[in-house]
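Here is a friendly tour of one structure, with a stop at a single helix and another at the ligand. Have the model open as you read.

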Amino acid sequence: MPQLVCMDFLWQHPPSSLLCALEILSMALFSSLCSRHLTDGRLPWSSALLWSLACLTFGFLLVLRTRRSREIKTKGGNVRFPPGPHPWPIAGNLSIFNQGPPHRLLHDLARGTHGYGPIMGLWLGSRPAVVVSNAFYAREILLTHDQIFASRPHFAFSDFVFYGYNSSVIFSGHDPRLARFRKICAVELLTTKRLRELEFVRKEEIQSLLHKLHKDSAGGTKPVDVRRFVSEMTANTISRLLFSRKADQYDLPALTHDIESKATVIIGDFIPCLAFLGTRKIADMKMLHNRIEGFLESILAERRQAMQSLPSRELPHDFLQALLSKESCEDEAERLTADEIKGFIIDIVSAGVITSAVTLEWAMAELLRNPQALRKLQKDIDAVILARGIKQQELISDDDVVDLPYLNSVLKEVFRLHPAGPLLLPRISSKECIVGDYLLPKGTLAFVNTFAIGRDERYWERSEEFWPERYIQNEFELPNDISAVKSDGDEIMQSNMKVDVHGQHYELLPFGSGRRMCLGIRLGLLMVNGPLANLIRSFDWELPDGISPDSVDMAEKGSMGVCKATPVFAIPKPRSM
Ligand code: HEM
C-alpha cells in the first residue's frame with residue numbers, strides 16, 4: 001500500500017533535478033521496509049527509524065513539489081507552468097522521445113479538444129521543457145523572447161563527439177564567440193559572392209548526378225534508389241565547397257551517418273544521477289570523436305603542406321582556406337584556433353549534408369505521388385528553357401531558378417510538410433520568463449514544432465495535402481465544400497501567397513528564425529533548387545511496376561532530424577529537352 005501511495009504521488013507531481021536521487025532512495029527504502037515488515041510481521045526499532053527517515057524524505061519532496069506546481073503570483077495575475085501530459089517518476093516525459101519521430105506524437109498531444117494546446121509543458125527527467133505548436137507561440141519564443149532562448153542546451157555529445165560546448169556554432173550558448181562564429185559564416189564563408197564563385201562546384205556535382213542516374217538506370221529501364229544518388233551529390237558538394245575534395249575520399253557519407261546516429265542525448269543529460277547508464281554510449285561517442293579528429297587532422301595537414309609549397313593564388317578558394325586565413329589573424333577577436341576551425345567544418349558537414357539530401361528525397365517522393373504537380377513543374381521548366389535559350393547540354397543555373405515560381409512553391413510545400421528539422425534545434429532559457437499566460441523557469445528547454453505548425457488548419461487550407469498552387473496568385477481554388485467560408489479562404493489565400501521560408505512568417509519555419517536561425521539557408525536553398533530543377537528537366541520520372549502514386553510510402557524515421565523511412569525508387573527516363 002505505501003508503495004502504491006508513493007507511486008501515485010510521484011505520478012501526480014513532476015520529477016525535479018535534485019530530487020531524483022532522493023526519490024530513488026526513498027522508494028528503495030519503502031520497498032525493502034514493506035517487504036521486510038510483511039514477511040516478518042513485526043517492526044524492530046531500527047526499521048521504525050528507517051520508516052521515519054523515509055517518511056521525512058517524502059514530506060520534504062512533497063513540500064518542494066507542491067511549491068513548484070503552485071501558481072505563481074505576479075503583478076499581472078497568477079501564472080503557472082504550461083499544461084502537459086503526466087510525467088512519470090524520475091523519467092518525466094522522456095518516453096515521448098523514445099517512440100519514433102517525436103514531432104508527430106507531440107502534434108497529437110497538442111491538438112484536438114482533449115489536447116494540451118499550442119504550448120505544452122513537459123518534464124524531461126529533471127529538466128522543464130516546453131513545446132510550442134502554433135505560429136503565435138513560435139513567435140513568442142523566436143522573436144519576443146529570442147534573447148532569453150538564444151542558447152542551445154549543453155548536452156554531453158557536444159563534449160564527447162565534437163569540440164566542446166561553445167567551441168563552434170551549433171552547440172553553443174549565447175556566448176560572445178557565437179556572434180563571432182556567425183559573423184564569419186555570414187561575411188566570409190556563405191556570402192553571395194563566394195556562393196556565386198563556387199556555383200561551378202554545384203553544377204559539376206549536378207552533372208555528375210545526372211550522368212550516374214542515366215548509367216545506373218541503364219538508360220531509363222531500371223529503377224534507382226533516389227536517396228543514394230542525392231545523398232552522394234549533397235555530400236560531394238559540401239565536401240568540395242569545404243575543402244575541395246570529393247566526399248568519398250574521406251568516407252564522409254559514412255561519417256555523417258554515424259554523427260547522425262551516435263551524436264545523440266544520453267540519459268545523464270536529463271537525469272544526472274543516472275549518468276552512469278550512459279557509459280557505453282559515451283565510449284562510442286569518444287571513438288567517433290577520434291575518427292572525426294583523424295579525418296580533420298589529415299585535411300588540415302594536407303592543406304598546411306600545400307600552403308608551404310604553393311603560391312597563395314594557386315591555393316583552392318574554398319571554406320577551409322578562408323578559415324585557415326583566420327588562424328594567423330593579428331586581431332585577437334578575429335583569430336580562430338585549430339579546434340575552432342575543426343568545429344566549424346564539422347558543423348557545416350553535420351548541418352548541410354543530410355538536411356539538403358532529405359529535402360530533395362521528400363520533394364521527389366511528393367512529386368511522384370502527385371503526377372499532376374510533376375507535369376506542371378516540367379512544363380514550367382521547359383518554358384523557361386525555351387525563353388532563355390538554354391541548350392540541351394547546359395544546366396539550369398541559379399539565375400534560371402529565379403524564374404521558376406512553381407518550383408519555389410513545390411519546395412515550400414515540401415518544407416511545410418516535411419521539414420528536415422521538425423522541432424528545430426532545441427534552445428534553453430537563460431532566465432525565467434512569461435510566455436503567453438505561462439511561466440517558464442530558467443533552464444526550460446524549448447522545442448518549436450514546425451511540423452505541427454505546417455499542418456495547422458488555421459493557416460493552411462487542406463493542410464495535409466501537397467498543394468503548391470496555394471502560394472500562387474490566380475491558382476488558389478477553394479474546395480467546393482467550403483464555399484461557405486469563402487471569406488476565411490480569401491484570407492488564407494492572401495497569407496499563404498505572401499509566405500516565404502526566411503524566418504519572418506511563423507507558420508512556415510523550415511530554417512528556424514531569430515538569433516539561432518539556420519546559417520546556411522542561402523546555400524541550403526541553392527542546394528535543393530538547382531538539383532531538383534535539373535532532375536525534373538532531364539528525366540521523365542516513373543514509379544516501378546506495381547507501385548501506384550497513392551502507394552508511395554511516406555512514413556518517417558529519425559528523431560530530431562527526420563527522413564523517409566524507406567528510400568524512394570523510381571525510373572528516370574531521359575528526355576531530350
Ligand atoms: C535544405 C537545407 C537545410 C535545412 C532545411 C536546414 C535547417 C536548419 C534548421 C531547422 C536549423 C535550426 C534553426 C533553429 O533552431 O532556429 C538549422 C541550423 C543550422 N544550419 Fe541549417 N539547414 C539546411 C542547410 C544548411 C546548410 C547547407 C548549412 C551550412 C552551410 C547549414 C548550417 C546550419 C548551422 C550552422 C545551423 C546552426 C545555427 C545556430 O545554432 O546558430 N544548414 N538549419
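## A helix and a ligand shell

Just after helix α4, Gly-112 adopts a positive phi of about 80°. Keep in mind that this model is predicted.

Let's step back into the helix itself. Which residues of α4 are buried? Helix α4 covers residues 102–110, and its buried residues are Pro-102, His-103, Leu-106, His-107, Leu-109 and Ala-110. Looking down the axis of α4, you find these buried residues within an arc of 165°, so they line one face of the helix. An α-helix has 3.6 residues a turn, so residues three or four places apart point the same way.

And what do the buried residues of α4 pack against? Their partners are the strands β3 and β4 and the helix α18, listed here with their residue ranges:

| Partner of α4 | Residues |
|---|---|
| β3 | 119–124 |
| β4 | 127–132 |
| α18 | 450–454 |

Now for the ligand. It is surrounded by 26 residues, and the closest are Gly-352, Gly-512, Cys-518, Gly-520 and Gly-524. By type, the shell around the ligand splits into 15 nonpolar, 9 polar and 2 charged residues. Two helices, α14 (338–369) and α20 (521–538), each contribute at least two residues to this shell. Helix α14 gives the most, with 7 residues.

Finally, the chain as a whole. It has 20 helices and 13 strands, and 42% of its 577 residues count as buried. Of the contacts between residues at least 6 apart in sequence, 71% join residues at least 24 apart.

Definitions and conventions
Residues numbered from 1 in each chain as written. Predicted model: local features only at pLDDT ≥ 70, side-chain atom pairs only at ≥ 80, totals over all residues. Near = placed C-beta within 6 Å. Helix = DSSP H or I, 4+ residues; strand = E, 2+ residues; numbered from the N terminus. Nonpolar A, V, L, I, M, F, W, Y, C, P; charged D, E, K, R; others polar. Buried ≥ 20, exposed ≤ 12 C-beta atoms within 10 Å, placed from the backbone. Contact = placed C-beta atoms within 7 Å. Arc of directions from axis to C-beta.
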